[in-house]
Amino acid sequence: MPETGFRTHSAHWGVFSAGWQEGELVVRPHPGDPDPNLILQNFPKALRHEARIARPMVRRGWLERGPGADDRRGRDEYVPVSWDRALDLLAAELKRVTEAHGPAGIFGGSYGWSSAGRFHHAQSQVHRFLNFTLGGYVRSVNSYSAGASNVVLPHIVGPTEDISRRNVSWEAVAAHSEIVLAFGGMALKNSMVAGGGISRHIERGAMQAAAERGCEFILVGPLRDDLPEEARAEWLSIIPNTDTALMLALAHTLATEGLHDRAFLARYTVGWERFEGYLLGRSDGQPKDAAWAAPITGIPAEAITALARRLPGKRSLITVAHSLQRAEHGEQPVWMGLVLAAMLGQIGLPGGGYAYALGALAHTGRRQNAVSPAALPQGRNRCGEFIPVARIADMLLNPGGEYEYNGEKRRYPAPKLVYWAGGNPFHHHQDLNRLRRAFRQVETLVVHEIGWTATARHADIVLPVTMTLEREDIGSSQTDPLMVAMHKLVEPHGEARDDYAIFTALAARLGKEAEFTEGRSAREWLRHLYGKTQADLLAKGLPAPDFESFWEAGEITLPQAEDDGGILRAFREDPEGAPLPTRSGRIEIFCETIAGFGYADCPGHPAWLPPQEVPEGKAPLHLIANQPATRLHSQFDFGGHSAEKKRRGREVMRIHPLDAAPRGIADGDVVRLENGRGACLATAEVTEAVRPGVVQLPTGAWYDPEDPAEEKPLCVHGNPNVLTRDAGTSRLAQGCTGQITVVEVTRFTANLPPIRAFTPPDRVAAE
Ligand SMILES: Nc1nc2c(c(=O)[nH]1)N[C@H]1C(S)=C(S)[C@@H](COP(=O)(O)OP(=O)(O)OC[C@H]3O[C@@H](n4cnc5c(=O)[nH]c(N)nc54)[C@H](O)[C@@H]3O)O[C@H]1N2
Ligand SMILES: Nc1nc2c(c(=O)[nH]1)N[C@H]1C(S)=C(S)[C@@H](COP(=O)(O)OP(=O)(O)OC[C@H]3O[C@@H](n4cnc5c(=O)[nH]c(N)nc54)[C@H](O)[C@@H]3O)O[C@H]1N2
Ligand SMILES: [Mo]
């Protein structure tokens, strides 16, 4: 029960209660959370920050000249308009585009994390709106998170969700694992977050319990802090994007020393012999031994063979982080990690085998709820066109162009209007200078936003939306037992409206209000969505408080299913009765389907495919652009905690002393990161926690071009996506490759440009 005056609410980074004390919003994590985090503390200062959007705005060039390609997007002025005017303009534009092009005229993929409430979930809202009023939209498939895995895992073992979320549990790690080899680690900064909300952060405790029991943790990665101190891990510092070579060399040692589990391979896998031919060098003349891998990975050969010998004969767990596949040939480490685990024969045993992305989010390794969580039905999309999500700039720059994907030759759709609600492409996409060119091609860009993100600053119609604290909702996810009443804590900022209210008003103008709303107000929808959970509980004979009691109590605890080890446990216990959903029903070490596609960049078994993006010449350092610890992506970058952790107003880039010294860089210096694609500033932190040759700059600092009229302006704030490469993982998955790139870093000696990321764009007088 929250204390008096405090009311419950929920965010992707924690359940909390909040109240007002002396005019300040005070946010307190849920008392049941053993390990809450400070991301919650971004809320108070974000509420009334100048970066909030207060009124509907239309870009001047669009208002004056109508829809069309325009290179002033990103540097134009805005005209404040009334809600009625904005909605009339937008409804007319949606009509114009769909009358001319049908639903294929609108790109409504609208990728992004939005907020935790299940009703006001912006992506669900925009999809529902486009489906019910205009018949659909061009959508996107897969995610920036797991673009390569989303496609490769179903071919070789099973759906990503099963292999990441419903597989090895934290309870089993704490109780059973004896050695955990964590590729990319399991950083606690990442498991702070879970879509839909999270009431208990258990990862630190689970790793601590395992380590105290004697479980050994080995971190493979370029950063020392990707496992918590409590795991007492050994750090095997590796050159980025070379894990597949290390995994192959471990496999080589196991195979040549007869340490691999032949019985497991025979019973549960297909294609071992074909792969073994490659591993041992029979097919290409190159044994993938430790001596071969040492110069590729930067890990001495003896360390590799010694590690391989420690793995067999015990409950071993191989984990592979999302990050490894957000890179060129990202399919390979995901696949090779699975093969390595198969060779060790522990797949399907408690705390053993293979876990993809364990700890990447607080959804993984947990029990599933036994009742369905609340979700807004999205209706039917009658437009069949889609893109793999990270191909957005390709599509906009090359409509109708050919590309390959998962065995198909496809053509890019040619949408005219792009609609974004609940995501920030200037956060999530790569090569932002290219994205700027792409967004300049569209006829109309519509954005619903809380704040003036760079995406909003490129939009033609900008509609201000409420943030989560300004409306009521229900927080719930499939893996957290609490369903949370998210109370409204404050009135909306300026004229901001809920996404739902905006879509309702647009639907009315398009003659489809009843279809979109089903006659329900927002509160009635909450009651309706809650009613489904309540009915599920009743059907199970469980206590099911009515909506009013739930709302007053602030939370209810949902029943959870047993930890049953998911499809891999079932498969281990009965490979014939519970085959995997792959073509062979088994783990595919060699995959006929993938081999049949004939892709040199993703052959029929895991292989070492050297990346193109390697440090050399003018870009001699690797850059790791990973998830930020102080916020979720770009959300509330203007909030208190995110702002406090910046230095000199800029995002912090970490660099090893051996790389800092020859460049004359001292701790606290402002530095310039640069490669052929762009440049940004950051503040240097000199530390031995990063591998020499590697610098790290997390994502999420809002894009802040010094002179947006330039083709490649300097981002003065530290958004690494001005530097990253916009190319797919391979023709198989076309996933995002934003995690790893190459750069040069120099000390920045010119006058420091001001940060304007949070200052609203220029506006002209209201109409
Ligand atoms: N270089 C590089 N790039 C990456 C990654 C990487 O590792 N390296 N990681 C990638 C990954 S894994 C992901 S998932 C993406 C994340 O990319 P995004 O999901 O696009 O990032 P967010 O900052 O969460 O964007 C959510 C936006 O929704 C807005 N918002 C929040 N609530 C509401 C609401 O109720 N209504 C509306 N209309 N808007 C709302 C927020 O203000 C914010 O601007 O980034 C990817 N980009
Ligand atoms: N605090 C916070 N938590 C988050 C998010 C956030 O924005 N903020 N985003 C959430 C989302 S949407 C997702 S999808 C997940 C993403 O989960 P991940 O993609 O796993 O997270 P990252 O932090 O990008 O990467 C994890 C670590 O992988 C290491 N790494 C990078 N390249 C390599 C490599 O080539 N080899 C090896 N061995 N290691 C490498 C880096 O050191 C990095 O710190 O995180 C989630 N958690
Ligand atoms: Mo993600």
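# Notes on the pockets, ligands and annotated regions

1. Let's start with open space: the largest pocket has a volume of about 1100 Å³. It is lined by 41 residues, and those closest to its centre are W113, E161, R165, G195 and H363. Keep in mind as you look around that this is a predicted model.

2. What kinds of residues line the largest pocket, by class? Polar ones are there in the greatest number: the lining has 25 polar residues, 11 nonpolar and five charged.

3. Where does the largest pocket lie? Domain 1 (57-108 + 387-557) and domain 2 (147-360 + 571-597) both give residues to its lining, so the pocket lies between them.

4. On to the second largest pocket, which holds about 840 Å³ of space. Its lining is made of 31 residues, and K189, D225, A629, T630 and R654 lie nearest its centre. Sorted by class, this lining has 13 charged, 12 nonpolar and six polar residues.

5. Two elements to pick out here are α26 (640-645) and β25 (652-655), each of which supplies at least two residues of the lining of the second largest pocket. The largest share comes from α26, with three residues.

6. The structure holds six cavities of 30 Å³ or more, and the second largest cavity has about 70 Å³ of space in it. Its lining consists of N241, A327, E328, E613, H622, R725, T737 and I740. By class, that makes three charged, three polar and two nonpolar residues. Domain 2 (147-360 + 571-597) and domain 3 (621-747) each put at least three residues into this lining.

7. Next, ligand 1. Which residues come nearest to it? There are 34 residues around ligand 1, and the nearest are H428, E449, D499, S634 and N721. D499 also makes a polar contact through its side chain, where a polar atom lies 2.7 Å from a nitrogen atom of the ligand.

8. Backbone atoms take part at ligand 1 too. A polar backbone atom of N424 is 2.9 Å from an oxygen atom of ligand 1. For A625, a backbone N or O atom lies 2.9 Å from a nitrogen atom of ligand 1.

9. Ligand 2 has 32 residues around it, and K189, D226, N241, D243 and S323 come nearest.

10. How far is the S323 side chain from ligand 2? An N or O atom in that side chain is 2.7 Å from an oxygen atom of the ligand. R326 uses its side chain as well, with a polar atom 2.9 Å from an oxygen atom of ligand 2. With H633 the contact is through the backbone: an N or O atom there lies 2.8 Å from an oxygen atom of ligand 2.

11. In an unreviewed entry, UniProt places "domain: Molybdopterin oxidoreductase N-terminal" at residues 9-48. That stretch is 42% strand and 10% helix, with its end C-alpha atoms 18 Å apart.

12. The unreviewed UniProt entry puts "domain: Molybdopterin oxidoreductase" at residues 52-508. Over residues 52-508 the chain is 37% helix and 16% strand, and the end C-alpha atoms are 27 Å apart.

13. Further along, "domain: Molybdopterin dinucleotide-binding" is placed by UniProt (unreviewed entry) at residues 621-736. Here the chain is 9% helix and 24% strand, and 21 Å separates the end C-alpha atoms.

Key. Residues are numbered from 1 along each chain as its sequence is written. Chains are lettered from A and ligands numbered from 1 in the order in which they are written. This is a predicted model: local features need pLDDT of at least 70, side-chain atom pairs count only at pLDDT 80 or more; totals for chains, interfaces and linings use all residues. Side-chain values use heavy atoms; hydrogens and water are left out. UniProt positions are given in the numbering used here, feature names are shortened, and annotations may be inferred rather than shown by experiment. Helices (H or I, at least four residues) and strands (E, at least two) are DSSP runs, numbered from the N terminus. On a 1 Å grid over the protein atoms alone, a cavity is a set of points where a 1.4 Å probe fits but cannot get out, and a pocket is an open set with protein on both sides within 12 Å along at least five of seven lines; lining residues have an atom within 4 Å of a point. Grid points are joined across faces, edges and corners, and a volume is the space filled by probe spheres set on the points. Ala, Val, Leu, Ile, Met, Phe, Trp, Tyr, Cys and Pro count as nonpolar, Asp, Glu, Lys and Arg as charged, and the others, Gly among them, as polar. Domain bounds come from an automatic or database domain assignment. A residue is near a molecule or strand if one of its heavy atoms lies within 4 Å of it. A polar contact is a pair of N or O atoms within 3.5 Å; within protein, one must be able to donate a hydrogen and the other to accept it, and residues adjacent in sequence count only if both atoms are side-chain atoms.
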